[in-house]
Amino acid sequence: MAIDEQSTAAETAAAVPSPTDRFAWRSMLRIEAALVIAIAVTWAAFGIVGQGFFSQYSIFQVTQVIASSLLIGFAQMVVLVTGRLNLAVGGIGVVCIMLAGSLMTAMGLPWAVALLVSILAGALIGAIIGLLEANTRIGSFVITLASLSILTGGVYIVTRAQPISLPADVRALGAAGFVSPSVSVLLVPALLIAVVLWYLYSMTPFGRQSKAIGFNERASSTSGVRVKGVLVATFMLSGALCAIAAFIQSVRVGVVLPSLGEDWVIASFIVPVLGGTALSGGRISVGGAVLGAIFLTSANTGLISVGLPSTWLIFAQGAVLLAVILIQAFLRKRATR
Amino acid sequence: MKDHGLRRILSSRQALYILAANVLLAFVLVLVTPTFGTPYNAYVLLKATSISVVVGLAQLVVLSVGQFNLSVGGLAGLATAGVAVAAKAGAPLAVIVLVALAVGVLGGVLNGLLVAKTGLSGFILTLATGGVFTGLNYGITQGAPTSPVSTALEQFGVGQVLFVPNLFWLALLVAAVLAAFYRWAPAGRAWLATGGNAEAAELSGVSRGASVVGAYVVSGALSAVAALMVVSNIKSAQPETGNTWLILSFTVPIIAGALLSGGNAPVFTSVLAALLVTMIDNGLTLVNVDAYWVTLLQGVLIFIAVVVTRSRARRRARWGVSALAAPSRQGATTGSSA
């Protein structure tokens, strides 16, 4: 693995991190507590200063964006746990949604069927990437970088860069609310998937094995973990999540754009890393990712609501992100001291 | 390791393969298109190549110490904003160049200190600082291009010496200085040692922090040089400069056989790799193939390049040459391979 974060504990620790690993838990709780405080401060500050931060329209938008950025983050998070990364998330997403879009419009299939087919396609692409990662020594960075080029180039060649407008019933999903009209219905599948992932990574052998591989691959392999199988399954899961994320993002916009996914790489890393998932592998926090997505989206919406000129928005977002990463590093250092 | 200069470069199989691919592709393009072989196209091709060379080297220096720099494009954009501000104030060429380089160096210092002091991975930190640089760029320029910048800079960009564009000479000069640095300067040796095995290097007295900061500073300066080259080429300071360099910056060194774990610095092979990538782009445009094929082919090219590199590494391992090295640390024994 190319990315060597300092993982001093990982070298000496047992293959399967025990749930009583107090260092990890303490630093994880600190990060989540810090995120809750950050979200509370953000909401309070922008609620007072911002224009219409708590308006129905604004909350609806925020819940929609949280749904798609959360899924993009999950697609990266499941790969990060194993100590790998997936730079091709956007490429897989755009291929899947283009497939789903043409199935819906050209073949007239119902959206549920099209979505299912695109999820299978995402898993298939993930399987190919996973097989390459498991059976060669190229490394996930290079494999997924090359895959990203091939997938995005391929999509433009096949679709000739034509956007696809979605059928009316699918676009209606983008405007629909859940329980309250200010909560987007798209948030429901995102949170359901969060629950499933939480269960998968804290309760099942697959989750424990994924963490073990990320923590110490050689030790987990000698203690009987089928590393190759877990890696292929991990990339398949990531591919499937990319397909769902692309669907949700397209439903939100109402149209399938061939440029979808171009800005996913950065977002996909920020959400899990803010939530305390380690780039070096072995550590995952689904709840942290949810909090990370809520914080990021709230902060972005808040900065717009205070009338920040759009040309300075990128700077503010970057500065907030850098500050949060540095504060977290500080907290983690203190927790492990 | 005893070979010197050109012989050493040519003894690197990777360089030979890429050179052969370049020659073959050029040959095919001369046959297929009426325009590829014209002096004007050669001029355009070399100018475009020179920018890819410097962008690739900006990533290579950071890879050589075992880190990543995802802010190469962002910093180039910010350097372009510096150029725009200086140009609007009516500054002479020397000041414009100094401002751009200062922006690049300062950004590099920030990146390097953050990575060295926090111990966080350069990947996530430069992801964040890249956003800050891009944001500053758009905030300062308000997203608007600035032109004209400097007639002296434009003339330098248009000019050529001995039928070779000035920009390409500049790229070659940068590559030569870097190659000499890795080969002869103690600091260059220290960088490779840090990338090859940071702990072993520290035990033998090499400061990891100094290597990391140094590599990010040089990377930042090279990002600024690439930005100046773009400005001199398109005669305008565009805020979008560097937007699309993330993949390019990695493609060039990876095709050249750089190890992402650090420890090697194939500088001249990177020049050949940049030429190959640019020639594919240029050639496909000339034969009227969809520009999107370029993106796809770059991915295919990366796969081919790593398969070639890895099969060589495996053969060497079977021969026992690198048997003493840990599998993921081959770079430590191969050192700077051209």
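This is a predicted model: local features need pLDDT of at least 70, side-chain atom pairs count only at pLDDT 80 or more; totals for chains, interfaces and linings use all residues.
**View 1. Where chain A meets chain B.** Here 37 residues of chain A are in contact with 37 residues of chain B. On the chain A side, the elements that each give two or more residues are α6 (140-159), α12 (264-274) and α14 (310-336) of chain A. Look for α14(A) in particular, as the largest share of this side, 13 residues, comes from that helix. Sorted by class, the chain A residues that touch chain B comprise 24 nonpolar, 10 polar and 3 charged.

**View 2. The fold of chain B.** This chain has 15 helices and 2 strands. Of its 338 residues, 56% count as buried. Take contacts in chain B between residues at least 6 apart in sequence: 81% of them join residues at least 24 apart.

**View 3. Helices α4 and α11 of chain B crossing.** Helix α4(B) spans residues 72-88 and helix α11(B) spans residues 208-234, and their axes come within 8 Å. The axes cross at roughly 55°, so α4(B) and α11(B) are oblique to each other. Their crossing is right-handed. From α4(B), the contact is made by Val72(B), Leu75(B), Ala76(B), Ala79(B), Thr80(B) and Val83(B). Facing them on α11(B) are Ser219(B), Gly220(B), Ser223(B), Ala224(B), Ala226(B), Ala227(B), Leu228(B) and Val231(B). By class, this contact between α4(B) and α11(B) has 10 nonpolar and 4 polar residues, with no charged ones.

Note on methods: Residues are numbered from 1 along each chain as its sequence is written. Chains are lettered from A and ligands numbered from 1 in the order in which they are written. Two residues are in contact if their C-beta atoms, placed from the backbone, lie within 7 Å. Helices (H or I, at least four residues) and strands (E, at least two) are DSSP runs, numbered from the N terminus. Ala, Val, Leu, Ile, Met, Phe, Trp, Tyr, Cys and Pro count as nonpolar, Asp, Glu, Lys and Arg as charged, and the others, Gly among them, as polar. A residue is buried if 20 or more other C-beta atoms lie within 10 Å of its own, exposed if 12 or fewer, and partly exposed in between; C-beta atoms are placed from the backbone. Axes are lines fitted to C-alpha atoms, for helices over the stretch in contact, and angles run from 0 to 180 degrees between N-to-C directions. Angles under 35 degrees count as roughly parallel, over 145 as roughly antiparallel, 65 to 115 as roughly perpendicular and the rest as oblique. A crossing is left-handed if the near helix is turned anticlockwise from the far one by less than a right angle, and right-handed if clockwise.
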